[in-house]
Amino acid sequence: MNEAFRAGTAVEMSPVGTLDRREAVPALVGNPQDWLIVAGLAGTARDTAAMCEPEANYFACAGVMGGAVAMGLGLALARPDRRVLVLTGDGELLMNVGSLATVAILNPPNLSIACVDNGHYGETGYQKSHTSLGVDLAAMASGAGIPAVRSVSEAGEIEEAGRLLREANGASFVLLRVTPDAGPPAIRRSLDAALAKDRFRAATLAAG
Amino acid sequence: MTDWQEDLYRVLKEFDVSQVSYVPDAGHRVLIDRSLADPEMHSVPLTTEEEGIAMLAGAHLGGARGVAAMQSSGIGNCVNMFSLVKNGLFPMLVLVSMRGDFGEGNPWQMPMGQAVEPVMEAMGFVTLRIDRPEDVEGAMRAACTMVFRSGQAVGVLLTQKLIGAKAF
């Protein structure tokens, strides 16, 4: 871990999360088949693939950083009959944090966002992200106007947050604060976006 | 004066477009107003244009059709997100109200205005320029057919000959 990287001097260092994402993410999501899932790149793509495979009810990115929340919004508007979950990381969300404002003004009741916050850019050498340096994405989600928001730091808080994601009658956001010391599951997946798209549509759209 | 904008909206409706994303621009004023007033249309104001590209990819995952409306400067904000379109072979319809071309009076608009076509073509889009009001309906029908029947990415450029050049 790179302790030397410290942007600015005005911010308070945040204590890093302690939850193990390999336990906390599945506990928060519950039965993955209850959802249509859009995953951000890197860690959350692995979290999602490990939960869902061999089913194809998910689309995971391996690029286009900053697109996951907006992709989930388009899917949620297209599929009011299903609950849509965006599972993304702190770095991915920070790249287009304005997406939270766009979601908030639409406030789709079937769109839930879970941000797996390990405070680091895990794919690029575990440099600290802004959330290790004082930035609170749950506060930003609240400030954007998302009506149902929780920040989860302990295992005992997961169940209630999971209910919020499933039962909120407006858009919901959960910040899941996990340790950077335990990475996402190791799982091999195809990086072919066209294949992932066709697979998702074949699995989730009615034939015809 | 605004008849071509009515033509444009009618063609979108004919092709069952149900999501409109935009960062507001005067060239899209009628499209935005019609979409806001239309109970069958999701009218989505964005904080940055690239959200619209990701949003419409999500719409396609859910079996819905959409259009992203933006000013030429917005194309610059979208470039990396176009990777999703090119790599994933997503159908994508982008309406670009041009600044920085014919008769532009604001030099800040010129670099991106002139870069719209080469940038979009580099990222796999077919681009159609519309200069005359009477061409809007036919060009929109052609664009929607290429996008929604052939699965292509198409940029429709509403030029300053069509919408008028701004002197600021």
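## The sheet of chain A

In this predicted model, six strands of chain A form an open sheet with parallel pairing in the order 2-1-3-4-8-7, where strands are DSSP runs (E, at least two residues) numbered from the N terminus and two strands pair if DSSP finds at least two bridges between them. The edges are strand 2 (58-60) and strand 7 (148-152) of chain A, each of which pairs on one side only, and the twist from one strand to the next averages 15°.

Strand 3 (residues 83-89) and strand 4 (residues 111-117) of chain A run parallel and are joined by six bridges; Gly89(A) has Val116(A) in strand 4 as its bridge partner.

## The interface

Chain B has 28 residues in contact (heavy atoms within 4.5 Å) with 28 residues of chain A. Together the two chains bury about 2100 Å², 67% of it on carbon and sulfur atoms, buried area being the accessible area (1.4 Å probe) that two parts lose on being put together, summed over both.

Strand 2 (42-45), helix 3 (49-61) and helix 5 (82-88) of chain B each supply at least two residues of the side that touches chain A, and helix 3 of chain B gives the most, with nine residues; helices here are DSSP runs (H or I) of at least four residues.

## How to read the values

Residues are numbered from 1 along each chain as its sequence is written, and chains are lettered from A and ligands numbered from 1 in the order in which they are written. Local features need pLDDT of at least 70, side-chain atom pairs count only at pLDDT 80 or more, and totals for chains, interfaces and linings use all residues, while side-chain values use heavy atoms, with hydrogens and water left out.

Definitions and conventions: Axes are lines fitted to C-alpha atoms, for helices over the stretch in contact, and angles run from 0 to 180 degrees between N-to-C directions.
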